[in-house]
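Have the sequence and the coordinates open as you read.

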Amino acid sequence: MNKKQFDTLRHQKNLTLEQLSEKTGIPVSTLTKISAGYVQTSFQNMYRIAKALECSLDAFTEDNFT
């Protein structure tokens, strides 16, 4: 998951990391690392994030991001 994509999609939904954590069950500390680009995340976490952001997993691929 690309840091820029993650942040842009999250900001489009006006969600803080804390709110996204509540929606996904992913700890804020993990979301912070994803947002900072420090870690890659699992498919399961990507799915949870996509569901919370109401987007498809394709939205996280660089080819589909504008």
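A polar contact here is a pair of N or O atoms within 3.5 Å; within protein, one must be able to donate a hydrogen and the other to accept it, and residues adjacent in sequence count only if both atoms are side-chain atoms. What you're looking at is a predicted model, where local features need pLDDT of at least 70 and side-chain atom pairs count only at pLDDT 80 or more, while totals for chains, interfaces and linings use all residues. Residues are numbered from 1 along each chain as its sequence is written, and side-chain values use heavy atoms, with hydrogens and water left out.

Start with Ser21, which sits in helix α2 (residues 17-24); helices are DSSP runs (H or I, at least four residues), numbered from the N terminus. A polar atom of the Ser21 side chain lies 2.6 Å from the backbone oxygen of Ile26. Ser21 is buried, at a relative accessible area of 13%, where buried means under 20% with a 1.4 Å probe, protein chains only. Skip its neighbours within four places in sequence, and Ser21 is in contact with Ile26, Pro27, Val28 and Leu31, contact being heavy atoms within 4.5 Å.

Leu31 takes us to α3, where the buried residues are Leu31, Ile34 and Ser35. They sit on the same side of α3, because they cover an arc of only 100 degrees around the axis; that arc is taken from the directions from the helix axis to the C-beta atoms. What do these buried residues of α3 pack against? Their partners are α1, α2 and α4 (43-52).

Now for the packing itself. Two packed helices are described by the angle between their axes and the distance between the axes. Axes are lines fitted to C-alpha atoms, for helices over the stretch in contact, and angles run from 0 to 180 degrees between N-to-C directions. Helix α1 (residues 3-12) and helix α3 (residues 28-36) have axes that come within 7 Å and cross at roughly 120 degrees. That makes α1 oblique to α3, since angles under 35 degrees count as roughly parallel, over 145 as roughly antiparallel, 65 to 115 as roughly perpendicular and the rest as oblique. Lys3, Phe6, Asp7 and Arg10 of α1 make the contact with Leu31, Ile34, Ser35 and Ala36 of α3.

Finally, α2 and α4 pack at about 110 degrees, axes 9 Å apart, which makes α2 roughly perpendicular to α4. Here Leu20, Lys23 and Thr24 in α2 meet Arg48, Ile49 and Ala52 in α4.

How values were computed: Helix = DSSP H or I, 4+ residues; strand = E, 2+ residues; numbered from the N terminus. Buried < 20%, exposed > 50% of the residue type's maximum accessible area, 1.4 Å probe, protein only.
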